[in-house]
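The sequence and the coordinates are shown first, and the discussion follows.

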Amino acid sequence: MKMRTYFAACLFAVAHVLPAAATVITYDAVLNGANEASPNASPATGVALVTIDDVANTMRVEVSFFGLTTPNTAAHIHCCTSAAGTGTAGVATSVPTFTGFPTGTTAGTYDHLFDMTLAGSYNPAFVTANGGTLLSAELALFTGIGAGKAYLNIHTSTYPSGEIRGFLQACENSTTASNPCEVIPAPEPGTLALLGLGLAGLAASRRRRR
């Protein structure tokens with residue numbers, strides 16, 4: 001009996017020393033005016049990758065966009081809509097815009113790793129509305145993204161409520177941070193080449209970081 005108790009104690013100790021297995025999921029979105037809550041005829045388009053690590057408590061946001069009718073004024077992730085893939089929601093991430101986002105441009109690329117244990121990664125109103133703590137806000141945001149109830153939106157003065165947006169969807173077979181989305185739905189043929197350049201830039205950035 002003593003030996004069995006000792007063995008159980010050893011297992012308990014090992015279980016609490018070994019790090020927890022991370023759940024890393026990458027989501028993607030195609031951004032365009034047709035995806036806005038009030039669809040518009042903007043010629044702009046873009047793509048976004050959002051990679052979540054629920055053990056490291058990080059969220060990496062990568063965006064490539066071009067063709068905005070006027071320079072962008074803000075970009076955010078909004079969460080959480082009442083139904084997946086439709087509707088509107090308040091801003092969940094940092095305000096007035098993503099940290100370091102190339103504001104004031106009609107085209108650009110963006111890559112930032114958010115520490116979701118920091119208050120600056122959130123809109124304070126989102127924290128208040130979702131339990132009042134950073135932990136509860138992180139859980140609400142990650143759950144909303146996983147449920148398809150969050151979207152990435154880029155705002156301009158022409159379209160202050162959003163010129164292009166897309167709902168985030170889990171990438172097929174995406175299980176590690178080094179495995180980005182395998183397939184991003186193709187845009188209209190006329191914009192494919194330009195989007196390809198943006199995606200190539202995101203891929204190069206991933207390789208440099210690894």
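## Backbone features in the loops

Asn-57 counts as buried, at a relative accessibility of 19%. The cut-off explains this assignment, because a residue is called buried when its relative accessible area is under 20%. The model is a predicted one. Asn-57 is placed in the loop between strand 2 and strand 3, and its phi is near 60 degrees, a positive value in a residue other than glycine.

| Peptide bond | Form | Omega |
|---|---|---|
| Cys-79 to Cys-80 | cis | about 0 degrees |
| Val-95 to Pro-96 | cis | near 5 degrees |

Cys-80 lies in the loop between strand 4 and strand 5. Pro-96 has its place in the loop between strand 4 and strand 5 as well.

## Overall organisation

The protein chain contains four helices and eight strands. Read from the N terminus, its elements follow the order α-β-β-β-β-β-α-α-β-β-β-α. Of the 210 residues in the chain, 44% are buried. The accessible surface amounts to about 10,600 Å², and carbon and sulfur atoms account for 63% of it. When contacts between residues at least 6 apart in sequence are considered, 68% of them join residues at least 24 apart.

Which residues cover the two faces of strand 6? Ala-150, Leu-152, Ile-154 and Thr-156 are on one side, while Tyr-151, Asn-153 and His-155 are on the other, and all are buried.

Strand 4 pairs with strand 6 in the antiparallel sense over seven bridges. Within this pairing, His-76 stands opposite Asn-153, and Asn-72 stands opposite Thr-156. Strand 6 is also joined to strand 7 (residues 164–167) by four bridges, and these two strands run antiparallel. Here Ile-154 has Ile-164 of strand 7 as its bridge partner.

Helix 3 covers residues 134–146, which is 13 residues. From its first C-alpha to its last it reaches 18 Å, close to the 18 Å expected at 1.5 Å a residue. Its buried residues are Ala-137, Glu-138, Ala-140, Leu-141, Phe-142, Gly-144 and Ile-145. The cover over these buried positions includes strand 1 (24–32), strand 2 (45–53), strand 3 (58–66), strand 4 (72–79), helix 2 (124–129) and strand 6 (150–156).

In soluble globular proteins, nonpolar side chains tend to be buried together. The largest nonpolar core of this model has 34 residues, and those with the most contacts inside it are Met-59, Val-61, Val-63, Ile-77, Leu-141 and Ile-154. At least two residues of this core come from each of strand 1, strand 2, strand 3, strand 4, strand 5, helix 2, helix 3 and strand 6. Helix 3 supplies the largest share, five residues.

The surroundings of Val-61 illustrate the packing. Apart from neighbours within four places in sequence, Val-61 is in contact with Leu-49, Val-50, Ile-77, Phe-98, Tyr-110, Asp-111, His-112, Phe-114 and Leu-152.

## A buried charged network

Side chains of opposite charge can pair when their charged atoms come close. How many salt bridges does the model contain? The count comes to two. In one of them, the side chains of Arg-60 and Glu-62 meet at 3.6 Å, N to O. Arg-60 is buried, with a relative accessible area of 13%, and Glu-62 is buried with a value of 0%. In the other salt bridge, the side chains of Asp-111 and Arg-60 meet at 2.7 Å, N to O. This pair links distant parts of the chain, since Asp-111 is in strand 5 (residues 108–115) and Arg-60 in strand 3, 51 residues apart. Through shared partners, the salt bridges join Arg-60, Glu-62 and Asp-111 into one network.

Methods
Residues numbered from 1 in each chain as written. Predicted model: local features only at pLDDT ≥ 70, side-chain atom pairs only at ≥ 80, totals over all residues. Heavy atoms only, no water. Expected span 1.5 Å × (residues − 1). Buried < 20%, exposed > 50% of the residue type's maximum accessible area, 1.4 Å probe, protein only. Contact = heavy atoms within 4.5 Å. Areas by Shrake-Rupley, 256 points an atom, 1.4 Å probe, with all protein chains shown as cover. Salt bridge = Lys/Arg side-chain N within 4 Å of Asp/Glu carboxyl O. Core = buried A, V, L, I, M, F, W, Y, C linked by side-chain atoms within 4.5 Å. Pairing = 2+ DSSP bridges.
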